[in-house]
Amino acid sequence: MALVTVGSGAVAVADTSPDPPTPATSGESGEDDFSGLVDIGDGRKIYATCKGTNHDGSPTVVLIAGKGNGADDWKSILDPDDPVHDAPGDDLPFHQEGIHHSDDSVFSQVSRFTRVCAYDRPDVRVTGADVSTARPQPHTVDLDVNDLDAMLTSLGEQKPYVIVAHSYGGLIATLYARTHPQDAAGLVMVDAVTERMTDVASPGAVKNWDASNAQTSPESREGVRLLDAFEKIEAAAPPRAVPAVVLSADKPWRVDLLPPEAKKGEQVTFDDWLESQQRLSETLGAREYITNTDSGHDVYLYQPRMVADAICDVVRASS
């Protein structure tokens, strides 16, 4: 996780994420486990990793990471003893020493009760084995939806899917569910970006938010266009009713630690964010809206068991 983008701007931090994933080899994983590049056409490939079994027809869970992040995030946790847990605000973007791979990660836990897949969008990882094909940045959300559909089709994973999305991934999940309604059996939104932010924050704040998320850097090469995503979602068909759970952070952003340039002009606030989460829950008719998470933005790192339990609930409801 090399760059964090929140309502108040973006800040580059040291890249302390675990080593890049490597392909699964015989004897190290289950017979149906997969880790490697997936051909999605037009000479492009996407890194994906899948594990577990569809028990009694249970849906495959698809994990979508936030801006600048990929599959590896879902295989990691924040150490339970790390002092970041005790901070009143979300200190994790500025103190990442406690992040490491774990069998307690969301990916590992979900693989024990159903099939699960995670993947790297272009430019979220540029080193190591099996790097996804790069694309011009910043880019629009429909390109991510097209890539997701092509990847899942190429993998031949069992439809429909339970889609689990964090941060910017929420926009991918939302547009995918609206444009491929028969392929989305359920949704778990993990402190996810939502088009409902335009109902909450001022136009100036949303415009600045869009600009900060479009920025790229050597530390984080992925840039996304939020306003374009909001427009594409609003132009799509209304969402089909499916089982859904929404989780939101309750540790506020550490705006005081952001560089001065990230705080210029109108900014989306943490209160705006919480209100947008409430509205997202209402839009989806969520079976549960979990706000008492004792977590910052990366809920899956702070509270992997809580996220896995929410996924299990939606998998059971959608089976």
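Modeller: The account below goes through the sheet, the disulfide and the nonpolar cores in turn.

This is a predicted model, in which local features need pLDDT of at least 70 and side-chain atom pairs count only at pLDDT 80 or more, while totals for chains, interfaces and linings use all residues. Residues are numbered from 1 along each chain as its sequence is written, and side-chain values use heavy atoms, with hydrogens and water left out.

The sheet is open and has eight strands, in the order S3-S4-S8-S5-S9-S10-S11-S12, with mixed pairing. Strands (E, at least two residues) and helices (H or I, at least four) are DSSP runs numbered from the N terminus, and two strands pair if DSSP finds at least two bridges between them. Strand S3 (34–41) and strand S12 (288–290) are the edge strands, each pairing on one side only. On average, neighbouring strands are turned by 20 degrees against each other, direction ignored; the axes behind such angles are lines fitted to C-alpha atoms, for helices over the stretch in contact, and angles run from 0 to 180 degrees between N-to-C directions.

Strands of a sheet pair through backbone hydrogen bonds, either parallel or antiparallel. S3 and strand S4 (residues 44–51) run antiparallel and are joined by seven bridges; Gly41 has Arg44 in S4 as its bridge partner. Helix H3 (residues 141–155) packs on the sheet and touches S3, S4, strand S5 (60–64), strand S8 (116–119) and strand S9 (161–167). The direction of H3 makes about 115 degrees with that of S3. Contact here means heavy atoms within 4.5 Å.

Elsewhere in the sheet, S9 and S10 run parallel, joined by seven bridges, and Ile163 stands opposite Leu187 in S10. Between S9 and S10 the chain passes through helix H4 (residues 169–179), a β-α-β crossover that is right-handed: with the strands pointing away from the viewer, the path from the first strand over the helix to the second runs clockwise. S10 also pairs with strand S11 (residues 244–247) in the parallel sense, over four bridges, where Val190 stands opposite Leu247. Nine of the nine residues of strand S10 (residues 184–192) are buried, so S10 is largely enclosed by the rest of the structure. Buried means under 20% relative accessible area, exposed over 50% and partly exposed in between, with a 1.4 Å probe and protein chains only.

A search of the whole structure finds one disulfide, defined as a pair of cysteine sulfur atoms within 2.5 Å. Cys50 and Cys117 form this link, with their sulfur atoms 2.2 Å apart. Because Cys50 lies in strand S4 and Cys117 in strand S8, the pair ties together parts that are 67 residues apart in sequence. Cys50 is buried at 1% relative accessibility, and Cys117 is buried with a relative accessible area of 1%. The sulfur of Cys312 is 17 Å from the closest cysteine sulfur, that of Cys117, which is too far for a bond.

Finally, a nonpolar core is a set of buried Ala, Val, Leu, Ile, Met, Phe, Trp, Tyr and Cys residues joined through side-chain atoms within 4.5 Å. The largest such core has 47 residues, of which Ile64, Leu148, Met151 and Leu171 touch the most other members. H4 supplies the largest share of this core, six residues. Not counting residues up to four places away in sequence, Ile64 touches several residues, among them Trp74, Leu148 and Ile163. A second, separate core of 31 residues includes Ala71, Val106, Val245 and Val307.
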